[in-house]
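Subject: Structure for your review

Dear colleague,

Please find the structure below, together with a short account of what was found in it. I would be grateful if you read the account with the structure open beside it.

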Amino acid sequence: MNWTEIDTWIVIIGALCAAGCAIPGTILVLRRMSLMGDAISHTVLPGIAIAFLVTGSRDPTAMLIGAVVVGLLTAFLVQAIQTLGKVEAGASMGIVFTVLFAFGLVLMRQAIDHVDIDPDCVLNGAIEFAWFDQTPGGWGIPRGAIVNGIMLLANLAIMIVFYKEFKITAFDPSLAKSKGIKPAFMHYILMTMTAATAVAAFETVGTILVVAMFIVPSATAYLLTDRYGVLIILSLLLGAISAGLGHLSAITVPTWFGYSGTTTAGAMAVAAGALFFGAWMVSPSQGLLSRFLRKVETKAHILREDVLGLLWRIEERNKGKMKSEDLSQLFGVSSRKVRVALYRLLKQGAIQQTQSSWSLTSKGRSRATALVRSHRLWEVYLEKHYPQDTHQLHHSASRLEHVTTETMKQELGNADVDPHGSPVPGDE
Amino acid sequence: MALGAAAGVVGTFLLLRKRALTADALSHATLPGIAIAFMVLVAFGGTGKSMLGLLLGAFVFGCIGVLFILAIRHTTRLKDDAAIGIVLSVFFGLGLCLLKIATEMPNGSAAGLQGFIFGKAASMVSSDAMTMLGVAVGIILITGILRKEYTLLCFDEKFSITQGWPVLRLDVALMGMVAIVTVIALQSVGLVLAVAMLIIPAASARYWARNVTSMLIVAAFIGCLSGWLGATVSALIPRMPTGPIIVLICGFWFIVSFIFGRNDGIIMSQLVRIRLNRRVAMQHLLRAMWEAIEKEQERSIFVEAIVSKRSWNKAFVERQLRRAKSRGYVTKRDATSWCLTDEGAGEANRIVRNHRLWEVYLINFADIAPSHVDRDADMIEHVLGGDMVHKLETLLCTSGSLPSPHPLGAEVQT
C-alpha cells in the first residue's frame with residue numbers, strides 16, 4: 001500500500017460527501033422517511049439525464065436544477081399517489097422511483113453518444129478519478145471536494161437556521177403545527193435539501209449508494225444518543241469515518257487476497273454498515289451485546305444476593321451448613337454460575353470458607369441483614385396493601401428485595417414481624 | 001411474460017401485506033450473493049457462468065437481507081424504513097466491492113455480471129427461459145392453492161392467528177416466493193428495477209378489481225402484458241434497454257389505472273363526488289321549497305325566496321331549478337316563480353321528514369341544543385337509508401318524543 005496525495009483527496013471528498021448527506025439523513029431517519037431518501041436519490045438520475053439532454057454539457061448548475069426539480073416532483077408524486085390513489089406509502093414510493101429511474105436509464109441510453117456518462121458511474125460514482133477533475137484556478141483542489149464542501153456548508157446553514165423547526169417536526173409534527181410551523185413547508189425544504197445533496201454526492205458515490213450515506217451514519221448515531229444535537233454531530237463524524245475507513249479498506253483488504261483493490265464507494269457503504277453493526281451490538285444503551293451483558297450481570301447480582309440471604313437465614317435458624325453443591329439445586333442454576341457467585345462474594349469479602357461450608361463475614365452480614373430486612377418489610381407491605389397467598393407473598397418479595405431503593409425503603413416503613421412470624425431485623 | 005404474471009400474483013399479496021419495499025431491499029441484497037457465487041464457482045475451476053449457481057447465491061443473500069431487516073426492526077428502536085435502507089445500501093455496496101474484485105479473477109469472465117444490475121434480457125438463452133417459465137408456473141400454482149390463507153393473513157392477521165394458521169411460516173413462504181421472483185427477474189429487468197415488477201402490476205390491479213381473486217388475475221395479466229410489450233418494443237427499436245422499458249410500460253398501465261380505474265381512480269372518484277354534490281344540492285333545493293311553501297301557504301314560490309334560504313346565488317338556484325324541472329319535480333309558474341309538482345312534493349316531503357326525524361333524535365338522544373340541530377341534521381339527512389328512517393320512527397315513537405319541533409310531514413308510503 002502506498003498512500004498518495006490522491007488517496008488523501010479521495011478520503012477528503014468522501015468525508016465531505018458523507019458529512020453533507022448525514023445532515024438531511026438525521027431528519028429522514030427520525031421522521032421515518034429514510035426510503036424517501038432512497039427514492040429521491042434514484043430519481044436524481046432522470047433529472048441529470050434531462051439536464052444533459054437540454055444543455056448538452058456537464059454544467060453543474062443545470063444538473064443541480066434538473067435533479068432538484070425531479071426530486072421535488074418525486075416527493076410530490078409520492079404524496080399524490082398516496083392520498084389521491086389510496087396506495088400505501090411504501091408502494092407509492094416504489095412505483096414512483098422505479099418508473100422515474102427506468103425513464104432515466106432509457107434517456108441515458110438514448111443520449112449515450114453525446115454525453116460522457118455511463119451506467120458504471122451511476123452505480124459506483126467516480127471518486128477514484130475525482131482528483132483528476134480539477135477546476136482551473138482551483139489551487140489544486142479537485143472539483144468534487146469543492147462541490148461537496150459547498151453542499152455541506154449549505155446543509156449546515158439550513159440546519160442552523162431551521163434547527164428548532166426541524167427538531168420539533170421530527171419528533172412531534174402535531175406540536176409543530178400548533179406552534180405555527182408549516183409541516184408541508186418543512187417537508188419540501190427537506191426534500192430540496194435531500195435532492196440537492198443527492199446530486200452533489202452522485203458523482204462521488206453513485207445514485208444507489210447515496211442512500212447509504214444518508215441513512216446508515218444517522219441510524220448508527222441514533223443508536224448511540226438520545227439528544228438531537230449530538231445525533232447530528234455524531235452522524236457527521238460517523239459519515240467521515242466511514243469514508244476514511246472505506247477507502248482504506250478498499251485499497252488494502254483485497255490485496256491480502258492478491259487483488260489490486262475495489263471500489264471506494266462500495267467500500268464506504270460497507271464501512272458505514274460495519275460501524276452500524278458495531279453500534280447495534282455494543283451501543284451502551286441500545287446495543288444487543290450490552291443489553292445481554294447487563295441482563296447476565298443483573299442475574300448474577302441477584303444470585304449473589306440470594307446466596308447472602310440464604311446464609312443469613314441459616315445463621316438465624318442456627319442449623320445446617322451451606323455447601324456449594326446444594327446451592328445449584330436450590331436456586332435452579334448451573335453449578336458453574338454458583339461457583340462464580342461464591343468466588344465474587346469471597347473477593348468482595350462478604351463470605352468466608354470454613355472447612356467445606358460457607359459463612360458470612362461481618363461485612364457480608366450487614367449486607368445480608370439489609371436484604372432480609374427489605375424482604376420481610378416487603379412481605380408486610382404486600383400483605384397490608386395487596387392481600388395474597390403467603391407463598392405468593394414470599395415470591396413477590398423475593399423479586400422486589402433486589403430492586404429496593406432508598407425512597408422505597410422509607411415508604412415501606414417499619415415493622416417487627418413479617419406475615420410468616422419471623423422477626424424483621426433492625427436497620428443498621 | 002411468465003415472469004410478469006408470477007410477479008403480479010406474488011406482488012398482490014406483498015402489496016396487501018404492506019411489504020412493498022422489503023422486496024426492494026431483497027433485490028439489492030442479492031448482488032453480493034451473485035458475486036460470491038461467481039467467486040466460488042471460479043475457485044472450483046469453472047468459468048462462473050452457471051446460471052443456477054449464481055441464482056442460488058442471489059437467493060441465499062436475498063434471504064439473509066430480509067433476516068437482517070427483521071433483526072434490526074425487532075432488536076433496535078429503528079423502524080422498518082431505516083432497516084430497509086440500511087440493508088439495501090450496505091448489501092449493495094458490498095456487492096459492488098465484490099463484483100469489482102470478481103472482474104479481476106484470473107480465469108473467470110465476469111463481464112456478464114454487470115448485466116444483473118440493470119438487466120439484460122437479450123443475453124438469455126432458451127434454457128434459461130424454460131427455467132423461468134417453470135418457476136413462474138410453480139409460483140402461480142402455489143399462490144393459487146394458498147390464496148385463501150394469504151387473503152386472510154393480509155386483511156386480518158390477528159384472526160388468522162386465532163384460527164391456528166401458521167402465520168410465521170406463511171410469511172416466510174411469501175418472502176421466499178418474493179425472493180424467487182426477484183431472482184428470476186434479475187436477468188431480465190435487473191436488480192434495481194426488479195421491485196417494480198412486483199409492485200406496479202399489483203398496485204394497478206387494485207384500481208380495477210373488487211376482490212382478491214380478480215386482483216390476482218388482473219395483476220398477472222398486466223404483468224404479462226407489460227413483459228411482452230416491453231420485450232417487443234426493445235427488440236424493435238434500437239438502443240432500448242429491455243428492463244427499463246418493461247418498467248416504463250408497467251408505469252404507463254399504472255397511470256392509466258390511476259386515472260381511469262374503477263375503484264378510487266381519479267376520474268371515478270371525481271364523478272362519484274360530483275354525483276353526490278348534485279344529489280345534495282337537489283335535496284336542499286326541494287327542502288327549501290317545501291319549507292317556503294309550508295310557511296307561506298302558497299303553491300308557488302319566488303326564486304328570491306329560495307335564494308334567501310341558503311348561502312346560494314341566483315344563478316345556482318336557477319340552474320338547480322332547471323335540473324329539477326327536467327326530473328319532473330318542479331314546474332315553472334311564470335318568469336320568477338316556481339311550484340312543486342306532485343312528484344316533487346312527495347320527494348320533498350320525504351327529505352323534510354328525514355331531516356326533522358334526525359333533529360328530534362339529536363335533541364332527545366344526543367342532547368344537542370335545539371338551535372343547533374338544524375345544521376347537524378343537514379349533513380346526515382342525505383345519507384339516511386330507508387331502514388334507518390324506519391328505525392328512527394320506531395325509536396322515537398316508543399320513547400314518546402314525537403312530534404318534532406316542526407311538524408314532521410306526512411309519512412310517505414313507497
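**A loop residue in chain B**

Asn211(B) is located in the loop that lies between H10 and helix H11 (212–236) of chain B. Please bear in mind throughout that this is a predicted model. Is Asn211(B) buried or exposed? It has 8 C-beta neighbours inside 10 Å, and a residue with 12 or fewer is classed as exposed, so Asn211(B) counts as exposed. Between Asn211(B) and Thr331(B) there are 120 residues in sequence, and their C-alpha atoms are 45 Å apart in space.

**Chain B as a whole**

Chain B contains 18 helices and 3 strands. Of its 414 residues, 45% are buried. When contacts in chain B between residues at least 6 apart in sequence are considered, 68% of them join residues at least 24 apart.

**Where the two chains meet**

The contact between the chains involves 47 residues of chain B and 55 residues of chain A. On the chain B side, at least two residues each come from helix H2 (20–43), helix H4 (80–102), helix H5 (115–118), helix H10 (194–205) and helix H12 (242–260). H4(B) gives the most, with 15 residues. Sorted by class, the side of chain B that touches chain A has 32 nonpolar, 6 polar and 9 charged residues.

**A helix of chain A**

Helix H4 of chain A covers residues 89–110. Its 22 residues should span 32 Å at 1.5 Å a residue, and this agrees with its end C-alpha atoms, which are 32 Å apart. Because 19 of the 22 residues of H4(A) are buried, this helix is largely enclosed by the rest of the structure.

**Further along chain A**

Asp326(A) belongs to helix H14 (residues 324–331) of chain A. This residue counts as partly exposed because it has 14 C-beta neighbours inside 10 Å. Val338(A) is 12 residues from Asp326(A) along the chain, and the C-alpha atoms of the two are separated by 9.8 Å.

Strand E1 (residues 351–354) of chain A runs antiparallel to E2(A), and 4 bridges join them. One of the residues involved is Ile351(A), whose bridge partner in E2(A) is Leu360(A). The hairpin formed by E1(A) and E2(A) has 2 residues between the strands, and in this hairpin Gln355(A) takes a positive phi near 45°. Which residues of strand E2 (residues 357–360) form its covered face? They are Trp358(A) and Leu360(A), while Ser357(A) and Ser359(A) form the uncovered one.

Yours sincerely,
A colleague

Technical notes. Residues are numbered from 1 along each chain as its sequence is written. Chains are lettered from A and ligands numbered from 1 in the order in which they are written. This is a predicted model: local features need pLDDT of at least 70, side-chain atom pairs count only at pLDDT 80 or more; totals for chains, interfaces and linings use all residues. The expected span of a helix is 1.5 Å times one less than its number of residues. A residue is buried if 20 or more other C-beta atoms lie within 10 Å of its own, exposed if 12 or fewer, and partly exposed in between; C-beta atoms are placed from the backbone. Two residues are in contact if their C-beta atoms, placed from the backbone, lie within 7 Å. Ala, Val, Leu, Ile, Met, Phe, Trp, Tyr, Cys and Pro count as nonpolar, Asp, Glu, Lys and Arg as charged, and the others, Gly among them, as polar. Two strands pair if DSSP finds at least two bridges between them.
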